Amino acid sequence: YDYTHRKLPPVFGEKLGTFDFAFQHFFRPIASQAVTWGGGYRHSDDEVENSIVLAFLPAKRDLDWGNLFVQDEIRLVEDRVQLTLGAKADYNPYTGIEFLPSVRLAWKLAPNHLLWSSLSRAVRAPSRIDTELFVPGVPPHILQGGPEFESEVFNVWEVGYRTQPTHDSTLSMTLFRSEHDRLRGIVFVPAAGGFQFQNPIEGETMGVEAWASYQPAEFWVLNAGMVYMDKNLRLKAGGPVSGGLSRPDGNDPDYQWTLRSWFDLPHDFELDFHLRGVGSLPDPEVPGYTELGFRLAWLPIHNLELSIVGQNLLHDDHLEFVTTSADSEMDRSVYFKVLWTF
């Protein structure tokens, strides 16, 4: 059970209580199969303090979600090939039951080489923002949630390769392609007298994700990773015309990369470095950036850690995201941390 009480005067306030229950069971009907099945239930009591700036109508909602799932892992061809079949029925209070199937095939080419591929369907179910938000909080409303808003749909294909070329190195690479339908957009609706959230966008994304690790010495580990993504999102043919308040292609960086280095030093000291780079955002425009962080830690006893941590050290500050109401700007920071476990 989780309870939160948030206030953002004079714009918004919320009291939200959420109860979660999950059940999972595993068994083997035969030696070559492993079946996992289960389900879950969630209930939320949501009470919003509306304002003239924005409102959720109705202000108080009781919401229920539920799911049932099953997954069957089947070993084939002398344990070198594994087929995984999965299915999930997901219930939400806005669109009812969504069916989410998946299939995955993994082939062990050699003891240290694995080739795999998967197909799956995923959805993003509507939230109160999609269906019950009104801006401003009193009429006339410029923007409002769409009462007929549908789940966003993602059909995802992936193929990957993992290998351990030497005992001290690993490499993983994944190619992915996702077909999107019914993505959220902002549409002008004359009958509503303003803009409304609807599902007018479709398209594709594709890209590559790669990770590698290398241990040059017993006390030193290196880890590197990168993601590149290309998007082609557009308004659906024959659908409503965008209101111009949001771009159909979203606001994501084309690439992200990271490099980490861990050192186990003498006398129970640890030294870590983290260098990362993020591409620019198109709209609202935010420049790309590269930043460096570090952690120097001392573990005088097994359950006590004393550390100095530095973040965003290459610049006094950098911009990460821009919204209509505020900018997200990260400053250079250094702090001292004490961690005691018992």
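View A. Trp340 is exposed, with 55% of relative accessible area; here exposed means over 50%, buried under 20% and partly exposed in between, using a 1.4 Å probe and protein chains only. Phe342 is exposed too, at 86%. This is a predicted model, so bear in mind that local features need pLDDT of at least 70 and side-chain atom pairs count only at pLDDT 80 or more, while totals for chains, interfaces and linings use all residues. Residues are numbered from 1 along each chain as its sequence is written, and side-chain values use heavy atoms, with hydrogens and water left out.

**View B. Phe269 and Trp298, a stacked pair.** Searching the whole structure turns up six aromatic pairs. Rings of Phe, Tyr and Trp (its six-membered ring) pair if their centres lie within 6.5 Å; planes under 30 degrees apart are stacked, over 60 edge-to-face, and the rest tilted. Phe269 and Trp298 count as stacked because their ring centres sit 6.0 Å apart with the planes at 15°. Phe269 belongs to strand E16 (residues 269-278) and Trp298 to strand E19 (residues 289-301), so this pair ties together parts that are 29 residues apart in sequence. Strands (E, at least two residues) are DSSP runs, numbered from the N terminus. Phe269 is partly exposed at 33%, and Trp298 is partly exposed at 34%. Back in View A, the Trp340 and Phe342 rings have centres 5.1 Å apart and planes at 45°, so that pair is tilted.

View C. Side chains of opposite charge can pair when their charged atoms come close. The rule for a salt bridge is a side-chain nitrogen of Lys or Arg within 4 Å of a carboxyl oxygen of Asp or Glu, and the count comes to 21 salt bridges. In this one, Glu270 meets Arg295 at 2.9 Å, N to O. Glu270 lies in strand E16 and Arg295 in strand E19, so the bridge ties together parts that are 25 residues apart in sequence. Glu270 is partly exposed, at 21% relative accessibility. Elsewhere, salt bridges with shared partners join Asp46, Arg61, Arg128 and Glu132 into one network.

View D. Glu14 pairs with Arg6, the closest N and O atoms being 3.1 Å apart. Glu14 is buried at 10%, whereas Arg6 is partly exposed at 47%. Arg124 bridges to Asp130, also with closest N and O atoms 3.1 Å apart. Asp130 is buried, at 0%, and Arg124 is partly exposed at 28%.

View E. Leaving aside neighbours within four places in sequence, Phe149 has contacts including Arg124, Asp130, Arg184 and Phe197; contact means heavy atoms within 4.5 Å. Arg184 lies over the face of Phe197, at 4.9 Å from the ring centre. A charge sits over a ring if NZ of Lys or CZ of Arg is within 6 Å of the ring centre and within 35 degrees of the ring normal.

**View F. Gln144 in strand E10.** Gln144 lies in strand E10 (residues 143-144) and is buried, at 13%. Apart from neighbours within four places in sequence, Gln144 is in contact with Leu133, Phe134, Ala192, Phe195, Gln196 and Phe197.

Terms used: Helices (H or I, at least four residues) and strands (E, at least two) are DSSP runs, numbered from the N terminus.
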